[in-house]
Amino acid sequence: MRIADTSDLWWKNALIYCVDIETFFDSDGDGTGDIPGLAERVDYLVELGVTCLWLMPFYPTPDRDDGYDIIDFYGVDHRLGSAGDLVELIRTAKSRGLRVIADLVVNHTSDRHPWFQAARANTDNEFRDYYIWREDEPPDTSDLVVFHSEEKGIWTQDEPTGHWYLHRFYKHQPDLNLSNPKVRDEIAKVIGFWLQLGLDGFRVDAVPQLVTVGLQDEIESSEGFTAPHDFLRSLRRFMNRRNGQAVLLGEVNLPYKDQLKLFGDRDSTELTLIFDFVAMQNMYLSLARADAGPLANALKNRPEIPPEAQWATFVRNHDELTLDQLSESERQEVFAAFGPRKNMQVYGRGLKRRLPPMLQGDLDRTKMVYSLLFSLPGTPALYYGEEIGMGEDLGADRRMAVRTPMQWTSGANGGFSNAAPDKLASAVVGGDYGPNQVNVADAKQDPDSLLNFITMLARRYRECPELAWGSFSLLDQPRREVLAHRCHWEGSSIIAVHNFGPDNAKVPLTFKDAGPQARLQDLLGADHLELDNDGGVQLELSGYGFRWLRLLSRGEETHKLPQVMTTVAAAGEE
């Protein structure tokens, strides 16, 4: 049986949508978004074309790190609703054809988690080895800190015993000891619990920290480090025994060679999908330079991955827009173009901005970027509010700048909540990107809005199985500002061409394998282009213009999708 004939690879051509529940929609008027409110908006996601809902952490938390500091892996934070509300959300989503995944945060816990409270009490208790301790004073580890302005090192001394515990993130988030079989069993139980309640997989937080990249020597010397890839493989096997169609989507901000290791291989799989941070960061460098070269080079260097694996593509996520896979000089180019002020930057390695303000509200350029997102090989992911062109709150702290309330209407609080503004989970964005200018209700009525454009792209993406399943190649052409690529699958090809520059461009392309009288069908418009006898064509692109084209041979109907679409629809939608 061919891979494409199976129904368990639904994620190959999914559209993932990330939601921060507490800032999406408040159904009870207390100022905090909640699970029932999200359930009320499921139909909106379906209309947008979303097929997989990704939930940021909803677990009980002291909320010192926006929910990523967890005190109970089996619960639901009371601010957001109840376990019953969550089950109803999952049921509602599934009834509309959506899969649901959630953040799996198992690198660390809150320091208020019962495990850590027990572990810190003394050196002789069953939970002591759930965390990583050392008796001797650690060396300087300031170069290994993730949050430079808040922490001076990755070890903190704990008063009850005088020992130091490891934390790669904040000191109130002690790292779990994944070398301990009991901890690994606990994590498996967490996965099994939520799968049983209906989740379809997990977005795995902080994978580089899970596999202790850069810390092997430090940890081996004091904790008896065990092979991290064995741990991920065991999680994948356990998860797929419980649910053969469930996925692990990895947050892996590493060079390609390290990402490749985390896919595993066909006989021993680890992560199902990995976010392509390398391509994302090089896309911003290409935008800054008006030169497609950096992104083209990144895509050329993408390693071949197992056939059941997939890249996840994105424009931004819920964190700062990190640029740490670029060189220092390249990073400064992006800063100069899109975040020249210090209040736009985070730790000197990324930006706390959303795309439309970075592009100064240029809708044509913004649409080009999202056309690129959907046409690149991989599974596209959207962060809530991207589809309407939301902006950021530069007055908010670091990552919270882009975790602002969803803007549903032009009314009070953007229609997010009827609570008083000072009671909201976070402030609504003001200024040019506030609800008066940017909101769902108005965007729905505007045929030229970003929302309607992205809805159309989602539909086209689902109609083009080549983009999700096919082989990828860059096309030779002389324009440095233009990226032209081809995705080929089962005898059918999609060609996508994007202009990163502000000026019109003529792009010569040649398809040597095209048969006589072959032509190009425009998938985003009504034009059709004939190829010359050598398979050549001259494409006209406006500044920041783009085209999606299907290569048709003689006699093929221009309105007919490839026969393989029937197979892929079954594989993707059951």
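Colleague: Which residue of strand 15 does Q345 stand opposite?

Modeller: In this predicted model, Q345 has L351 of strand 15 standing opposite. As a general idea, the strands of a sheet pair through backbone hydrogen bonds, and the pairing may run parallel or antiparallel. Here strand 14 and strand 15, the latter covering residues 350–351, pair in the antiparallel sense over two bridges.

Colleague: In what order do the three strands of the open sheet lie?

Modeller: The order is 13-15-14, with antiparallel pairing. Strand 13 (321–322) and strand 14 (345–346) stand at the edges, and each has a single partner strand, so one side of each is left without a neighbour in the sheet.

Colleague: Now to the domains: how far apart are the centres of domain 1 and domain 2?

Modeller: The domain assignment gives domain 1 as 14–96 + 389–463, domain 2 as 114–166 and domain 3 as 471–565. Taken over C-alpha atoms, the centres of domain 1 and domain 2 are separated by 35 Å.

Colleague: And how much area do domain 1 and domain 2 bury between them?

Modeller: The size of an interface is often given as the accessible area lost when the parts come together. For domain 1 and domain 2 the buried area is about 300 Å², with 61% of it on carbon and sulfur atoms. In terms of contacts, four residues of domain 1 meet four residues of domain 2.

Colleague: Which residues lie nearest the centre of the largest pocket?

Modeller: Rolling a probe the size of a water molecule over the atoms shows where empty space is left. The largest pocket has a volume of about 890 Å³, and among its 35 lining residues V146, F169, Q209, N253 and D324 lie nearest the centre. Helix 6, residues 207–210, gives the most to this lining, with three residues, while domain 1 and domain 2 each supply at least three. By class, the lining of the largest pocket divides into 14 nonpolar, nine polar and 12 charged residues.

Colleague: How many cavities of 30 Å³ or more does the structure hold?

Modeller: There are six of them, and the second largest cavity contains about 80 Å³ of space.

Colleague: Which helix gives the most to the lining of the second largest cavity?

Modeller: Helix 10 gives the most, with three residues; this helix (277–289) and strand 12 (310–314) each supply at least two. The residues lining the second largest cavity include D276, M280, M283, R302 and F314, and the lining as a whole has eight nonpolar, one polar and two charged residues.

Notes: Residues numbered from 1 in each chain as written. Predicted model: local features only at pLDDT ≥ 70, side-chain atom pairs only at ≥ 80, totals over all residues. Heavy atoms only, no water. 1 Å grid on protein atoms, 1.4 Å probe; cavity = no way out; pocket = protein on both sides within 12 Å on 5 of 7 lines; lining within 4 Å. Points joined across faces, edges and corners; volume = space filled by probe spheres on them. Helix = DSSP H or I, 4+ residues; strand = E, 2+ residues; numbered from the N terminus. Nonpolar A, V, L, I, M, F, W, Y, C, P; charged D, E, K, R; others polar. Pairing = 2+ DSSP bridges. Domains from an automatic or database assignment. Contact = heavy atoms within 4.5 Å. Buried area = accessible area lost by both parts, 1.4 Å probe.
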